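I hope they are handy to read next to the structure.

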Amino acid sequence: MQLFGVFWIILLIIQYSREIPYGLYTEKQSTFAYYWHFVDVIWVFIFVLVYLPYLV
């Protein structure tokens, strides 16, 4: 999941340097931000399920 996100951000950087229309770029950047926050939530969920029981 995270490797996909890294490739996505690299693609966004390449597209930014090629000067695609700004509205299209911000839409892609917004979608990437939603995806990355989803990955963060998944990691929090994994942390709670896997590590938290051993801390109690």
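1. A word on terms before the details: buried means under 20% relative accessible area, exposed over 50%, and partly exposed in between, with a 1.4 Å probe and protein chains only. Please keep in mind that this is a predicted model, where local features need pLDDT of at least 70, side-chain atom pairs count only at pLDDT 80 or more, and totals for chains, interfaces and linings use all residues. Residues are numbered from 1 along each chain as its sequence is written, and side-chain values use heavy atoms, with hydrogens and water left out.

2. The overall picture first. The protein chain has three helices and zero strands, in the order α-α-α; helices (H or I, at least four residues) and strands (E, at least two) are DSSP runs, numbered from the N terminus. Its radius of gyration is 16 Å, well over the 10 Å that the globule rule gives for 56 residues, so the chain is more spread out than a compact globule. That radius is taken over C-alpha atoms, and the rule is 2.2 Å times the number of residues to the power 0.38. The C-alpha atoms fill a box of roughly 50 × 20 × 10 Å along the principal axes, and 12% of the 56 residues count as buried.

3. Now to helix H1, residues 2–17. From first C-alpha to last it reaches 23 Å, close to the 22 Å expected, where the expected span is 1.5 Å times one less than the number of residues. Just after H1, Glu-19 takes a positive phi of about 60°.

4. Which residues of H1 are buried? They are Gly-5, Leu-12 and Gln-15. These cover an arc of only 80° around the axis, which puts them on the same side of H1; the arc is that of the directions from the helix axis to the C-beta atoms. They pack against helix H2 (22–50), with contact meaning heavy atoms within 4.5 Å. The face turned away from this buried side carries the exposed residues Leu-3, Phe-7, Ile-13 and Ser-17.

5. Rings of Phe, Tyr and Trp (its six-membered ring) pair if their centres lie within 6.5 Å; planes under 30 degrees apart count as stacked, over 60 as edge-to-face and the rest as tilted. The count comes to seven aromatic pairs. Phe-4 and Trp-8 have ring centres 5.7 Å apart and planes at 55°, so this pair is tilted. Ring pairs link Phe-4, Trp-8, Phe-32, Tyr-35 and Trp-36 into a cluster.
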